[in-house]
Amino acid sequence: MNKKRDLEVFMVCKDHSVSGEEFQLLHDVKNDMLITSPKPSDQDLGKYYESEDYISHTDAKRSVFEKLYHLVKVYSLNKKVRLISKLNKGQGKLLDIGAGTGDFLAVAKKKGWNVSGTEPNHQAKELAKQKEIVLEPDTKNFEDGTFDIITMWHVLEHVSNLQDQIRELKRLLNPSGYLVVAVPNYKSFDAQYYKSFWAAYDAPRHLWHFSKKSIQQLFGEKDLELTRILPMKFDSFYVALLSEKYKNGKMNFFKAFWIGFQSNIKGNRSKEFSSHIYVLRNK
């Protein structure tokens, strides 16, 4: 155990999708979160995303898995827009950080939102442009207090400097605005079942691995109040499918469905689902 930083080794896991390298997951006891170690440098991190299978950077529908992913995504996108519209009591100014190929912003725009987004990946930005969504590389040119709603859909776990990112979110959010953050939950049943093969560890692309306590503490320190936690029940099936592939060399749809189903049933009791949406309000 590293007493200076209060870190202890939680698990060793492998990058199953790109490099095959092994990484440690260190438990930050104070914040009840996991940290990927060693953390790749900002210069090296990009090479770990160089895969045709990195689905958030592509609109590919080559396999049954990818077709199912996009089918579920259409339903989920509309549900996400309904959530932010309810929070804001109507349309307003929306920023989506890590917007990928722009699908969420495209749906929000059709529903009347004034949309902006960021995405560092060139290929994803070009696909977004075809949907008439122009994405910025980062948030530095946006003025203070601009946005009514800021969303990060499975993006916070990727950011290089967590504290800087939270400060930037606070800067950009208007005084009565909401932040909506979706991240995997390493305390879910499917995480416990698959252990080092759990696809949502996704080291080293996922640099941080959050619990409810860690979200509440990290954002609370910046006067962003956690008001609501929502489950992402489809994630358990998606993650289980990938985890089956990593563990057994192939996607076992029946086994993955069963594990995902169990994760949601157990989550209904424990309130620990495969992924959570955290709704935070500016104070």
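Trainee: How many salt bridges does the structure hold?

Mentor: The structure holds nine. Side chains of opposite charge can pair when their charged atoms come close. A salt bridge here is a side-chain nitrogen of Lys or Arg within 4 Å of a carboxyl oxygen of Asp or Glu. Do keep in mind that this is a predicted model, where local features need pLDDT of at least 70, side-chain atom pairs count only at pLDDT 80 or more, and totals for chains, interfaces and linings use all residues. Residues are numbered from 1 along each chain as its sequence is written, and side-chain values use heavy atoms, with hydrogens and water left out.

Trainee: Which residue meets arginine 205 in a salt bridge?

Mentor: That is aspartate 15, at 2.6 Å from N to O. The two sit 190 residues apart, arginine 205 in the loop between helix H6 (189-194) and strand E8 (208-209), aspartate 15 in the loop between strand E1 (7-14) and strand E2 (22-28). Helices (H or I, at least four residues) and strands (E, at least two) are DSSP runs, numbered from the N terminus.

Trainee: Are arginine 205 and aspartate 15 buried or exposed?

Mentor: Both are buried. Buried means under 20% relative accessible area, exposed over 50%, and partly exposed in between (1.4 Å probe, protein chains only).

Trainee: Where do glutamate 126 and lysine 129 lie?

Mentor: Both are in helix H4 (residues 122-129), three residues apart, about one turn of the helix. Glutamate 126 is partly exposed at 32% relative accessibility, and lysine 129 is partly exposed at 47%.
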